Amino acid sequence: MKYDHWLDDPQNVSMLWRGFLAGLALTVLAGAFVDLNPHFDVERWFGFNAAYGFVTCLLMIVGAKVLGFFLKRPDDYYAGDQRDE
């Protein structure tokens, strides 16, 4: 089967996912070998920074969805503003 783009091939996408997850795992493991100079005791937990970043990202996504609920406009919002000039 011929694909138009290299990301259309499911094998390439699967390989990218594996590579990204391996990179993330190596980043978390590297935290065991680096002195991070924590200010609070909770920052000493293994993988805290990764978990904190993940939870913060989830909260930003949920917050954006909630904010979008209040700020959304109808599809024809600007259609009523047209004038014949």
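Start by selecting W45, which sits in the loop between α1 and α2, where helices (H or I, at least four residues) and strands (E, at least two) are DSSP runs numbered from the N terminus. The model on screen is a predicted one, in which local features need pLDDT of at least 70 and side-chain atom pairs count only at pLDDT 80 or more, while totals for chains, interfaces and linings use all residues. Residues are numbered from 1 along each chain as its sequence is written, and side-chain values use heavy atoms, with hydrogens and water left out.

With W45 still highlighted, note that this residue is exposed because its relative accessible area is 59%; buried means under 20% relative accessible area, exposed over 50%, and partly exposed in between (1.4 Å probe, protein chains only).

Most residues other than glycine have a negative phi. N37 has a relative accessible area of 53% and therefore counts as exposed.

Next, select D41 together with R44, which form a salt bridge whose closest N and O atoms are 3.5 Å apart; the term stands for a side-chain nitrogen of Lys or Arg within 4 Å of a carboxyl oxygen of Asp or Glu. The structure holds 1 salt bridge, and both D41 and R44 are exposed.

Select L21 with W6, L7, V13, W17 and L24, and you have a nonpolar surface patch of about 640 Å². Such a patch is made of residues with over 30% relative accessible area and no salt bridge, nonpolar side chains (Val, Leu, Ile, Met, Phe, Trp, Tyr) being joined within 5 Å and like charges within 9 Å.

Also in helix α1 is L26, which counts as exposed because its relative accessibility is 57%. Between L26 and T56 there are 20 Å in space, C-alpha to C-alpha, and 30 residues in sequence.

Turn to helix α2 and select A64, which is partly exposed because its relative accessibility is 48%. From A64 to Y3 the C-alpha distance is 35 Å, with the pair 61 residues apart in sequence.

Which residues are the closest to the centre of the largest pocket? Select V28, G31, L36, G47 and N49, which hold that place among the 17 residues that line the pocket. Helices α1 and α2 (48-71) are the elements that give two or more residues to this lining, and the largest pocket has a volume of about 330 Å³. A pocket is an open set of points on a 1 Å grid over the protein atoms alone, where a 1.4 Å probe fits, with protein on both sides within 12 Å along at least five of seven lines; lining residues have an atom within 4 Å of a point.

Methods:
Accessible areas come from the Shrake-Rupley method with a 1.4 Å probe; for residues, only the protein chains shown count as cover. Grid points are joined across faces, edges and corners, and a volume is the space filled by probe spheres set on the points.
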